[in-house]
Amino acid sequence: MMVQNPGGFWRRLLGLLLDAIVVGVPLGILSYILTGESEGNTLTNLLSFLYYLILPVVWMGYTVGKRIVGVRIVKVDGGKVGIGTMLLRTFVTGLVYAVTLGIALIVSAFMVGLREDKRGIHDLIAGTYVTTDRPQ
């Protein structure tokens with residue numbers, strides 16, 4: 001395994017918060033305008049899922065927030081993530097977090113904060129890590 005220059009907890013959290021602000025808020029407003037729903041909006045949930053699933057595949061492991069803070073998702077061998085990898089990272093891990101009523105999410109946050117390689121449950125399931133390295 002070639003985990004190099006892992007992105008730490010605070011940087012990753014900031015990237016997630018920036019994604020929520022830069023992408024999530026406008027997406028929520030647009031969805032509200034289109035559907036008239038403000039809570040539990042299926043359109044917002046679907047578009048958000050697709051954002052986290054597809055953007056890292058086409059943009060070298062970046063989302064908008066990750067790009068701003070200088071981290072990106074890569075496979076443990078340093079390669080680019082594909083759609084299958086991102087499905088494992090987003091959908092399958094989401095199921096694990098839901099089934100454990102969020103306990104696995106909390107454990108995952110501690111793993112990112114405490115492990116030397118900064119890999120959480122979602123990274124272990126998908127065979128990924130978050131790095132500060134720029135694409136080659």
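## Close-up views of a predicted model

View 1. K118 is placed in the loop between helix 5 (103-114) and helix 6 (121-126), in a model that is predicted. Although K118 is not a glycine, its phi is positive, at about 60°, and its relative accessible area of 21% makes it partly exposed. Most residues other than glycine have a negative phi. R115 forms a salt bridge with D117, and the closest N and O atoms of this pair are 2.8 Å apart. With a relative accessible area of 31%, R115 is partly exposed, whereas D117, with 13%, is buried.

**View 2. The salt bridges of D123.** Three salt bridges are counted in the model, and those that share partners join R12, R89 and D123 into one network. In the salt bridge between R12 and D123, the closest N and O atoms are 2.9 Å apart. Because R12 lies in helix 1 and D123 in helix 6, this pair ties together parts that are 111 residues apart in sequence. The side chains of D123 and R89 also meet in a salt bridge, at 2.3 Å from N to O; since D123 belongs to helix 6 and R89 to helix 4, the pair ties together parts that are 34 residues apart in sequence. R12 counts as buried at 11% relative accessibility, D123 counts as buried at 0%, and R89 is buried as well.

View 3. A search of the whole structure finds four aromatic pairs, and two of them are described here. The ring centres of F49 and F91 lie 6.3 Å apart with the planes at 75°, so this pair is edge-to-face. The pair links distant parts of the chain, with F49 in helix 2 (residues 42-58) and F91 in helix 4 (residues 83-99), 42 residues apart. F49 counts as partly exposed at 28% relative accessibility, and F91 is also partly exposed, with a relative accessible area of 44%. The rings of Y51 and Y52 have their centres 4.9 Å apart and their planes at 80°, so they too form an edge-to-face pair. Y52 is partly exposed, with a relative accessible area of 23%.

View 4. M60 is partly exposed, with a relative accessible area of 26%. R67 lies over the face of Y62, at 4.7 Å from the ring centre.

How values were computed:
Residues numbered from 1 in each chain as written. Predicted model: local features only at pLDDT ≥ 70, side-chain atom pairs only at ≥ 80, totals over all residues. Heavy atoms only, no water. Phe/Tyr/Trp six-rings, centres within 6.5 Å; stacked < 30°, edge-to-face > 60°. Helix = DSSP H or I, 4+ residues; strand = E, 2+ residues; numbered from the N terminus. Buried < 20%, exposed > 50% of the residue type's maximum accessible area, 1.4 Å probe, protein only. Lys NZ or Arg CZ within 6 Å of the ring centre and 35° of its normal. Salt bridge = Lys/Arg side-chain N within 4 Å of Asp/Glu carboxyl O.
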